Amino acid sequence: MTEYFDALEVRDQAQREADLFAALPAALTAARERAPAIASQLQDVQVDRITSRQALAGIPVLRKSELLQRQQAQRRQAIEQRAQAGTAAGKVVERVFGGFSTIGWGDAARVFASPGPLYEPESKRADYWRFGRALYAAGFRANTLLYNCFSYHFTPAGSMFETAGLAIGCTVFPGGVGQTEMQVSTIHDLQPEGYAGTPSFLKLILEKADEMQIALPSLKRALFSGEAFPPSLQNWFAQRGIHGYQAYGTADLGLIAYESEARDGLIIGEDIVLEIVRPGTNEPVPDGEVGEIVVTTLNPDYPLLRFGTGDLSAIMPGHSACGRTNKRIRGWMGRADQTTKVRGMFVHPEQVARIVARFEEVNKARLVVSGETGRDEMTLFVEVDGAPAAGLQEKLGNVVREETKLRAVIVFVGVGELANDGKVIEDSRSYE
């Protein structure tokens, strides 16, 4: 095929779903045998029955904070054991990766660190991070030069796009970040057709080229990630003859979704199961409703199960006009972790979810924190069908106090009146 990276992108959606859930039980079985943390996550779970989204939703979401806590706990334990034994203790998959990886030194080609620090392995498999199809959708082809300006140190971004470029037959120049004058000179000398990096850095390079009075006409396409890419910036590059597209991924999961020439949302990558769940819960929301992106990856080296990214998005209806048949998301729409402090007490989205769960007549709720500094006020807006039952307002107020140790005004609204933006807690206080 020339139009698509591979045939997987144009499968019938029902076939894709069947293929993913046919492969998932075997992938989870292998992960449970080699990754101790996954074995703990799947304790008392009959893996051979995880053959549908409904069955998958019965497994609690693993959020990034839990992954970090497990890694930190394993590192502390290894330090204590080393102090007692005088030598390094513990297997790498547990001591370094918290038991979520199935590979250690030797099998892993590289190891990276994200803030925390949180350590992620990269194996020797081609296109390990699966960004090849995103590059291809952005117009990159074999026998061209990819100018890669993602960082090559600590975080995996540089490697993500280098391995992707190699997978589709590109030659890659590791430009990295900084040194804009040198970047301008090198692009002028090498004449690359495409750029990978953040949009803001390419804009800096092009503005420096203008300042140096050096034309860079070879650049025709770009794949951006790590930052927002609004229409205004898209138009700015287009006026210079550069067609830029977006890709969305994380250091834990690799590629999650990517943009095509249709520019109608981000197409979900193959080989992952993506869910949208209500923030602070394990519960998937209906298509179209904003919630937290949760991903299960079939990566045999780093098999993450129902991993909560902390990012908000929503499933879009239909398929992309480019012909790719997988579902699409609306792109990054904010962060799911809306924890805020009220009168010295932290209030979490999970607490709002527990309040809603205790009342069958409540569809959803939104806690709004308002007031001036030192005079915090909480209002819980609650969606109910029809007129609220007598005494429901008082009961809700009591449960809010029980869950948060704080008082809130209860306001009832009709179904659909709360904004579909994924917010469970809204902080509207003035800090002026």
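Trainee: How many helices and strands does the chain come to?
Mentor: In this predicted model, the secondary structure of the chain comes to twelve helices and 21 strands.

Trainee: And what is the radius of gyration?
Mentor: The radius of gyration is 24 Å, close to the 22 Å that the globule rule gives for 432 residues, so the chain is as compact as a globular protein of that length. Taken along the principal axes, the box that its C-alpha atoms fill is roughly 75 × 60 × 45 Å.

Trainee: Which residues touch the most other members in the largest nonpolar core?
Mentor: Those are Phe131, Leu223, Leu274 and Ile329, in a core that holds 63 residues. Helix 1, which spans residues 13-34, gives the most to this core, with five residues.

Trainee: What does Phe131 touch, leaving out residues up to four places away in sequence?
Mentor: Phe131 touches Met160, Phe161 and Ala164, and also Ala247, Gly249, Gly254 and Leu255.

Trainee: Which residues are in the other core?
Mentor: That core lies apart from the largest one and has 23 residues, among them Val352, Val384, Leu396 and Ile410.

Trainee: Switching topic, what share of the chain counts as buried?
Mentor: Of the 432 residues, 52% count as buried, while the accessible surface comes to about 19,800 Å², with 51% of that belonging to carbon and sulfur atoms.

Trainee: How many positive and negative side chains are there?
Mentor: The chain has 46 positive and 54 negative side chains, and the centres of these two sets lie 3 Å apart.

Terms used:
Residues are numbered from 1 along each chain as its sequence is written. This is a predicted model: local features need pLDDT of at least 70, side-chain atom pairs count only at pLDDT 80 or more; totals for chains, interfaces and linings use all residues. Side-chain values use heavy atoms; hydrogens and water are left out. A nonpolar core is a set of buried Ala, Val, Leu, Ile, Met, Phe, Trp, Tyr and Cys residues joined through side-chain atoms within 4.5 Å. Buried means under 20% relative accessible area, exposed over 50%, partly exposed in between (1.4 Å probe, protein chains only). Helices (H or I, at least four residues) and strands (E, at least two) are DSSP runs, numbered from the N terminus. Contact means heavy atoms within 4.5 Å. The radius of gyration is taken over C-alpha atoms; the globule rule is 2.2 Å times the number of residues to the power 0.38. Accessible areas come from the Shrake-Rupley method with a 1.4 Å probe; for residues, only the protein chains shown count as cover. Lys and Arg count as positive and Asp and Glu as negative; His and the chain ends are not counted. The place of a charge is taken as NZ of Lys, CZ of Arg, CG of Asp or CD of Glu.
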